[in-house]
Amino acid sequence: MTDLDLASYMMDKTRMIDQALEKALPQTQDLSANLVKAMRYSLFAGGKRLRPILCLAGAEAVGAPARAALPAALALEMIHTASLIHDDLPAMDDDDFRRGRPANHKVFGEGMAILAGVGLLMRAFGLLAESGREGQAPSSLVFQAISVIARAAGPDGMVGGQAVDLEYEGREIDEELVAFLHSHKTAALISAAVTSGAILGGGGQAQVAALAEYGGKVGLAFQIVDDILDLEGDEALLGKPVGSDEALRKATYPRAIGLEKAKEKAERFKEEAVAALVGFGPSADPLRGLAAYLLARKR
Ligand code: GRG
């Protein structure tokens, strides 16, 4: 797949995701309209839609149409957005900017930002569960997808990683700690994105396992690149200030093993991710292209 093909693949999928998100969370006019406004503010703030794109690509890799995985894709973007809103709160990373605009709590206040995050989480699981009830997908597959995503987002995954992240701010760290953190805080949800897509696409057990491996490795490469961009990235492209990991003495690969070794590690994880796709034909080409894109990204 050429860079141009991948760019057009990502644009197509982004359009599909954005249209469906719009339908899943329309602006309301009732008394809680401001809450919906806060949820939509962050959901439509120009995120790269990587998790939902990976989810749709997971379904396609096992030979299903992308739309088979759409409910999981939407749920993943809502959960991810909720995590970013909470991550920016003063009680967490205390960031004022996200996705090139003021963080949710800077616009709507802390209380409303907390509620917007919780609201997005509930809507995410609600719409995924409803897709089974409404017969868009066999309910046994929807159950499996819900359980994979809930596990990856919860205390055994992203929330667990964030807890360790908070506890180790400013403390001495080593590579083992960073590996735990990255695999829980970031790679778990990215792996769940590809896996849940493959599950809803009706993939076999071995295919789902291979795609979980791909997602885990690509997720680790992605987070190392995130660490590197915080050191070397361009604020205008990133849409947020750089250097905040350093300021908070966060546990990152560059801090644990140095910048050059961190770059090598990201490259190795990307290669391992692509190697996990060995049993797949051209249907997994977008996933191969996405692995390279995630490594080379500047935002
Ligand atoms: C409310 C579900 C929930 C969790 C609370 C705050 C928290 C626990 C977890 C935060 C975890 C976190 C911030 C992980 C970092 C993941 C990461 C590298 C985000 C950046 O992702 P991109 O680059 O962002 O995909 P865009 O803006 O493009 O969507």
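**Entry 1: the ligand shell.** I looked up the surroundings of the ligand in this predicted model and found 21 residues around the ligand, with Lys48, Arg51, His80, Arg99 and Gln223 the closest; a residue is counted if one of its heavy atoms lies within 4 Å. I note that residues are numbered from 1 along each chain as its sequence is written, and that side-chain values use heavy atoms, without hydrogens and water. Local features need pLDDT of at least 70 and side-chain atom pairs pLDDT 80 or more, while totals for chains, interfaces and linings use all residues.

**Entry 2: make-up of the shell.** I find that α3, α4, α8, α9 and α10 each supply at least two shell residues, and that α4 gives the most, with 6; helices are DSSP runs (H or I) of at least four residues.

**Entry 3: helix α14.** I turned to α14, residues 259-275, where Ala262, Lys265, Ala266, Phe269, Lys270 and Ala273 are buried (under 20% relative accessible area, 1.4 Å probe, protein chains only). They lie on the same side of α14 because they cover an arc of only 140 degrees around the axis, taken from the directions to the C-beta atoms. On the other side of α14, I find Glu260 and Lys261 exposed (over 50%).
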